[in-house]
Amino acid sequence: MAEILREGNVWHLRNEWISYALCEMPGGVLAHLYAGPRLEKLNPASLMRRAGIQMEGFSIQELALDRLPREYPSFGLGDMREGALTVVAPDGTRAVDLRLEDARVLPEKPALEGLPATRGEGCAAVQFALRDAHTGLEVQLNYAIYDDCPAVVRSARLINRGDAPMTVERAYSLCLDVPDADWDLVTLSGSWARERSIRRRALVQGFQGISSQRGASSLQASPFMALARRGADEACGEVIGMALIYSGNFIAQAEVDHNGGARLLLGINDRDFTWRLDPGESFQTPEAAMVLSSEGLGGMSRGFHALWEKHLLPARWVNRDRPVLLNSWEASYFDFDENKLAGIAQAAADAGVSLFVMDDGWFGHRDDDTTSLGDWQPDRNKLPSGLKALGDRVRAMGLQFGIWMEPEMVSPDSDLFCAHPDWCQHIPGREHITARHQLILDLSRADVREFVYQSVADTLHESGASYLKWDMNRNFSNIGSAALPADRQGEVPHRYILGLYEVMDKLTADFPDVLFEGCASGGGRFDAGMLYYVPQFWCSDDTDALCRCEIQYGTTLVFPPSTMGCHVSAVPNHQTMRTVPLQTRFAVALGGCFGYELDPRALTDDERRTLREQTAFAERTQALRLYGAFYRLASPFEGNETAWMSVSQDKNEAIFTFVRDRAMPNTLPPLTKLRGLDAAKRYKIVETGEVYGGDELMNVGLCCPIPVYGSGDAWAALYTLKAVDEA
Ligand code: GLA
């Protein structure tokens, strides 16, 4: 059980695995004491010594704060490191001196106004109220620690209790000071078709980190960072993981200071951010989640997976089967009509697929990506009988019907743009900057949000779709809103995300049975904010199985397999022109919510038969693959091999995937040590009939029977393991 203990001026948040401690300094400065493995008994004196905290005679004079690990450091009081908070006071100055006024254990975790956050069940919550006497600014720091995972979440709420407006220039969600820099910083970064590559580098004095100012969390950087002890690996060592539950601009930064300590900051990017806070108004930061692991990066990932599955992802979709789908994008792009789609859908149904998704190109006069976003009426040339007729036709084949939309966008070539030229983000008098020939609707406006809600709701009603792929395909530029005054223009990027969340909230509540899958040119908004609304996200536009090994492997650092949309596509692959065997494409796509992105009519009879076996296998193994405990075993970022596995909660079943990238002649067969099994149990490999002890599989390893010659590139093995009684 999670608990919050107080001893004098020290607060100790603790559960079965971890402890997190803070203390009040003389004068009410709130300092950070400890974050790490559970401590039975706190020893404040030694923790303070370790953290460089000196209680005796402490005062903020003599620049004492420059050494102090403050829990929410503000700018301007002599702490020369980067802070978490900058506010311009009514007198134009920026120093903020926050002192603790009140600390309360809360009966329940408060919801965050307008923002997704971990839900309140099964946690202990505490609030610290700090105040700057000079301005009347109050900052409430809210923390919760969960019963069932090694995680602490926190956020800050700023309230103007003064009598004049202030301007918030920076309000991060998290600051964590650690007393040494003997860590590596681990981040996820990349680009389009190369999302979430694992990057690891040693901390050095100065700044390091990642950020997005693209309007979305982005393809290029994920709102996550971890500190891993030098030498910590997948299975062992101390790791502190931090993820922001937010889908917009963010910054994740580590600063190693002159004392040799490191300060971690995570929150909304303050570049292009200001917020006017009138008297009585409040500003809520997004929530940040911290997972503390002593079992390496693997332990951190399982901690995040458990946190999201138990407390963040839409509850009705967790532990529930997801339909094996076929998406029309790579099968036909914009070139289709009702009969062609029906033909593809029938072939999909014959292969055992259960959901057919019509992707882009069905509305307005959209024969390419230059037009029609915003005009969400079916193109009568392609769909002469409308959406319902196609939906009914697909459903008559025994399939569910799903549809693609990009609701946040408008094409300059559209009826919507002609009718409402001021509905897009723009700066009056400046030329529009389009990307993929489109502009972004201004979701900070209530009338635009209503339009977006209504277009999606109408499309769902009309088509009877039980699945919606919600896409978002460009970055922000010319950021501005026609509906906001000059001194609120800096609020547009965050107001946009708040607007998006409001629409998602209403739609997912009004259509509880529709499966929403997120997408942003692939995985460009694959973050914990979106995953509060959509249980799965299209992992990448790159469907090449070898590239997917990296993309999916990196994604699992923070997110569980159940959140990743993963499809088998045609060969040669459309992004890389590489030809990978069907078995390997299958094995890799099983790493997440399984589906296809091809035209099954173009396959051979043999391949179509194989598809039937694949869909049956994918369905049979869903619970294990998507919701089992996940272990990364061999990293494509470090070698020629990729391997991962999932183990059922009772450890009676497991599924193991191995991929070798380049064929290497004259090498010993690869041996992979499995993890997470019961050492005392015997496991049968269903595909080969061999029986091994769990101890042998974990200590010696599993040898893949890879041919010494002639295996070809991109060789894969897929094994299911079942605990058996036989000796
Ligand atoms: C984006 C998505 C793709 C596809 C296209 C359609 O690129 O990531 O999956 O839906 O848009 O235009």
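User: What makes the link between the side chains of Q127 and N142 a polar contact?

Analyst: The two side chains come to 2.9 Å of each other. A polar contact is a pair of N or O atoms within 3.5 Å; within protein, one atom must be able to donate a hydrogen and the other to accept it, and residues adjacent in sequence count only if both atoms are side-chain atoms. The 2.9 Å between Q127 and N142 is within that limit, so the pair qualifies. One caution on the source: this is a predicted model, where local features need pLDDT of at least 70, side-chain atom pairs count only at pLDDT 80 or more, and totals for chains, interfaces and linings use all residues. Residues are numbered from 1 along each chain as its sequence is written, and side-chain values use heavy atoms, with hydrogens and water left out.

User: How do you know that the side chain of Q127 also makes a polar contact with the side chain of Q140?

Analyst: That pair sits at 3.5 Å, and the cut-off is within 3.5 Å, so it still counts.

User: Why does Q127 count as buried?

Analyst: Buried means under 20% relative accessible area, exposed means over 50%, and partly exposed is what falls in between (1.4 Å probe, protein chains only). Q127 has 9% relative accessibility, so it is buried. As for where it sits, Q127 belongs to strand β7, residues 123–132; a strand here is a DSSP run of E with at least two residues, a helix is a run of H or I with at least four, and both are numbered from the N terminus.

User: What is Q127 in contact with, beyond its neighbours within four places in sequence?

Analyst: Contact means heavy atoms within 4.5 Å. By that test Q127 reaches D102, A103, R104, L106, Q140, L141 and N142.

User: What makes D177 buried, and which strand does it lie in?

Analyst: D177 comes out at 6% relative accessibility, so it goes in the buried class. Its place is strand β10, residues 166–178. Its side chain has a polar contact with the side chain of R263 at 2.7 Å, and one of its polar side-chain atoms is 3.3 Å from the backbone nitrogen of R70. Both R70 and R263 are on the contact list of D177, along with H32, L68, P69, R81 and A262.

User: Why is Q425 called buried?

Analyst: Its relative accessible area is 4%, so Q425 is buried. Q425 is placed in the loop between α6 (415–419) and β25 (439–440). Beyond four places in sequence, it touches residues including I440, F476, G480 and Y496.

User: How do you know that N327 is buried?

Analyst: N327 has 1% relative accessibility, so buried it is. N327 is part of strand β21, residues 325–327. Its side chain makes a polar contact with the side chain of D359 at 2.9 Å and reaches the backbone nitrogen of W329 at 2.7 Å. D359 and K469 are among the residues that N327 touches.

User: Which residues are closest to the ligand?

Analyst: A residue is near a molecule if one of its heavy atoms lies within 4 Å of it. The ligand has 13 residues around it, with D359, D360, R436, K469 and D541 the closest. That shell splits into 4 nonpolar, 3 polar and 6 charged residues. Here Ala, Val, Leu, Ile, Met, Phe, Trp, Tyr, Cys and Pro are nonpolar, Asp, Glu, Lys and Arg are charged, and the others, Gly among them, are polar.

User: How far are the polar side-chain atoms of D359 and D541 from an oxygen atom of the ligand?

Analyst: For D359 the distance is 2.7 Å, and for D541 it is 2.5 Å. An N or O atom in the side chain of K469 is also 2.7 Å from a ligand oxygen. Taken alone, the ligand exposes 310 Å², and the protein buries 96% of that; such areas come from the Shrake-Rupley method with a 1.4 Å probe, and for residues only the protein chains shown count as cover.

User: What makes the protein as compact as a globular protein of that length?

Analyst: Its secondary structure comes to 13 helices and 38 strands. The radius of gyration is 26 Å, close to the 27 Å that the globule rule gives for 727 residues, so the protein is as compact as a globular protein of that length. That radius is taken over C-alpha atoms, and the rule is 2.2 Å times the number of residues to the power 0.38. Buried residues make up 62% of the 727.
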